[in-house]
Amino acid sequence: MSADLLELSAAAAAAEIASGGLSAGELFDFYRERAGADRDAGEQGLGCFTWVAEGAPETPAGAPLGGVPLAVKDLFCTEDVPSQSGSRILEGYLPPYTATAVARLQEAGATLLAKTNQDEFAMGSSTENSAFGPTLNPWDRSRVPGGSSGGSAAAVAAGLAPWALGTDTGGSIRQPAALCGVVGLKPTYGTVSRYGMIAFASSLDQAGPITRDVTDAALLLSHMVARDPCDATSVQAPSELVLPSAERLDGVTLGVPGELTGEGIEAGVLEGFNAALRRAEELGASVREVQLPHAPHALSAYYVLAPAEASSNLARYDGVRYGLRAEGAEDLIDMYTRTRHDGFGPEVKRRIMLGTYALSSGYYDAYYGHAQRVRTKIAEDFTKAFEEVDLIATPTAPSVAFALGEKTGDPLEMYLNDYCTVPMSLAGIPAISIPCALSDGLPVGLQLAGPAFSESRLLDAAHALEQGLAFDGARARV
Ligand code: GLN
């Protein structure tokens with residue numbers, strides 16, 4: 001039975017539980033054992049988890065997600081369960097409440113299986129910036145899983161969790177999903193509540209599903225979306241999410257922006273991407289070129305805006321209210337300084353310095369104001385493009401999974417990982433990554449993006465393409 005359980009997608013497991021063919025407790029124990037074994041293996045394991053549940057929680061009878069266990073990125077506050085956002089500075093912090101996105105899923109019957117490893121405060125593209133140490137890619141343990149939601153992506157790919165939550169500020173759901181050969185969806189900004197998500201850059205942060213397939217992503221998302229009075233930027237989506245069923249792409253026009261499919265993208269990635277586009281055409285889609293003239297400036301704008309917001313959000317970690325407090329300080333200022341010195345890792349310190357500088361008086365308009373104007377141009381490019389095409393297709397990441405340590409010494413090289421995903425984040429539009437090919441035995445991700453609130457259409461197209469591509473992710477399971 002165990003091998004069979006591993007074959008079940010989360011949606012299929014929920015259906016089995018609903019029909020009485022499987023008990024929620026049995027499924028929970030199966031995954032709890034697998035996740036626990038990875039945690040207990042320490043450096044011999046993949047390093048996916050920062051915390052694993054002890055026992056199966058009660059599930060309300062008849063709940064739609066039927067007791068299917070869920071892994072949740074560390075940065076979601078979970079009541080009385082460690083939530084550190086991968087940082088030393090939140091050591092020992094036990095939130096007194098649960099993030100809305102997680103609470104909604106629990107109400108729908110999902111059970112908290114584990115918290116997953118991530119880059120500290122979601123800053124990174126490789127899950128190497130974590131106070132807990134790195135997560136490894138299950139396809140090749142000498143390589144990174146991507147980041148910052150690398151623990152979630154690796155756990156789903158390895159079959160250590162049926163599905164997981166991640167967050168995406170500039171690519172942190174889509175890029176690790178691509179590097180681990182799983183599905184990752186960043187919803188329209190505002191459709192999922194940010195309440196209880198430990199903040200990185202509030203105008204960009206979005207929660208979303210990381211799953212084995214598109215149907216699971218749709219199912220998980222459908223129970224997360226809702227207007228939340230606790231998050232002033234949350235909105236009610238204009239229409240209800242419809243679970244995907246399309247097998248073909250007739251009538252769908254895919255736009256391929258030259259700006260995101262040329263220079264800087266690895267040859268093997270482009271090959272897999274182009275083959276997937278040909279498959280899309282066979283399924284009935286028309287494919288044409290489209291322009292996103294300002295997209296090449298997205299990374300520059302992002303690396304002003306995101307650090308600026310982060311520098312402000314992270315000001316709250318001062319040793320007074322949460323987590324770590326440095327010992328032996330001489331006075332209050334010394335206590336603040338030592339706590340932040342000891343508690344934050346080097347990438348977080350870099351962002352705080354960049355952001356504080358960008359927001360300093362005299363430079364505010366030159367950097368922050370300018371970047372905001374670029375952001376508007378990028379959003380306008382998408383609006384224009386969507387007058388001509390239904391969805392935009394790009395590779396998700398410029399390369400397949402790279403070696404651990406390969407980019408840690410060169411922050412700019414690391415930042416380039418998000419070249420194809422940051423434009424959609426700045427525009428606030430939904431985008432999904434699905435695995436489309438292997439290059440050198442490692443997964444390649446294809447990204448589809450649509451206008452705001454087009455999740456149902458996006459998922460339908462991704463579903464049709466997924467069926468047509470028949471990517472086999474089972475090889476990564478441990
Ligand atoms: N890699 C990008 C960064 O480091 C994006 C991270 C994210 O989406 N959280 O900021």
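**Stop 1: H7 against H15**

H7 and H15 cross with a left-handed sense (left-handed if the near helix is turned anticlockwise from the far one by less than a right angle, right-handed if clockwise). This is a predicted model, in which local features need pLDDT of at least 70, side-chain atom pairs count only at pLDDT 80 or more, and totals for chains, interfaces and linings use all residues. Residues are numbered from 1 along each chain as its sequence is written, and side-chain values use heavy atoms, with hydrogens and water left out.

Select 214-222 for H7. Helices (H or I, at least four residues) and strands (E, at least two) are DSSP runs, numbered from the N terminus. H7 packs on H15 at an angle of about 160°, with the axes 9 Å apart. Axes are lines fitted to C-alpha atoms, for helices over the stretch in contact, and angles run from 0 to 180 degrees between N-to-C directions. H7 is therefore roughly antiparallel to H15 (under 35 degrees is roughly parallel, over 145 roughly antiparallel, 65 to 115 roughly perpendicular, the rest oblique).

Now show side chains. From H7, Val214, Thr215, Ala217, Ala218 and Leu221 touch Glu455, Leu459, Ala462, His463 and Glu466 of H15; contact means heavy atoms within 4.5 Å. The residues of this contact split into six nonpolar, two polar and two charged (Ala, Val, Leu, Ile, Met, Phe, Trp, Tyr, Cys and Pro count as nonpolar, Asp, Glu, Lys and Arg as charged, the others, Gly among them, as polar).

**Stop 2: H8 against H15**

Ala276, Arg279 and Ala280 of H8 meet Leu465, Gly468 and Leu469 of H15. Four of the residues in this contact are nonpolar, one is polar and one is charged.

**Stop 3: H9 against H12**

Select 298-313 for H9 and 364-388 for H12. The axes come within 9 Å, crossing at roughly 125°. H9 and H12 are therefore oblique to each other. Their crossing is left-handed. On the H9 side, pick Ala298, Ala301, Val304, Leu305, Ala308 and Glu309; they meet Tyr367, Tyr368, Ala371, Gln372, Val374, Arg375 and Ile378 of H12. This contact has 10 nonpolar residues, one polar and two charged.

**Stop 4: the ligand**

Which residues come nearest to the ligand? Of the 15 around it, they are Gly170, Ser172, Tyr302, Arg351 and Asp418; a residue is near if one of its heavy atoms lies within 4 Å. Next, check distances to ligand nitrogen. A polar side-chain atom of Ser172 lies 2.7 Å from a nitrogen atom of the ligand. For Ser125, a side-chain N or O atom is 2.8 Å from a ligand nitrogen. At Ala122, a backbone N or O atom lies 2.8 Å from one.

**Stop 5: the E3-H5 loop**

Select the loop between E3 (111-116) and H5 (150-157), where Ser148 lies. A cis peptide bond joins Gly147 and Ser148, with omega about 10°. Phe121 is in the loop between E3 and H5 too. Its phi is positive, about 50°, although Phe121 is not a glycine. Most residues other than glycine have a negative phi, and most peptide bonds are trans.

Key: A polar contact is a pair of N or O atoms within 3.5 Å; within protein, one must be able to donate a hydrogen and the other to accept it, and residues adjacent in sequence count only if both atoms are side-chain atoms.
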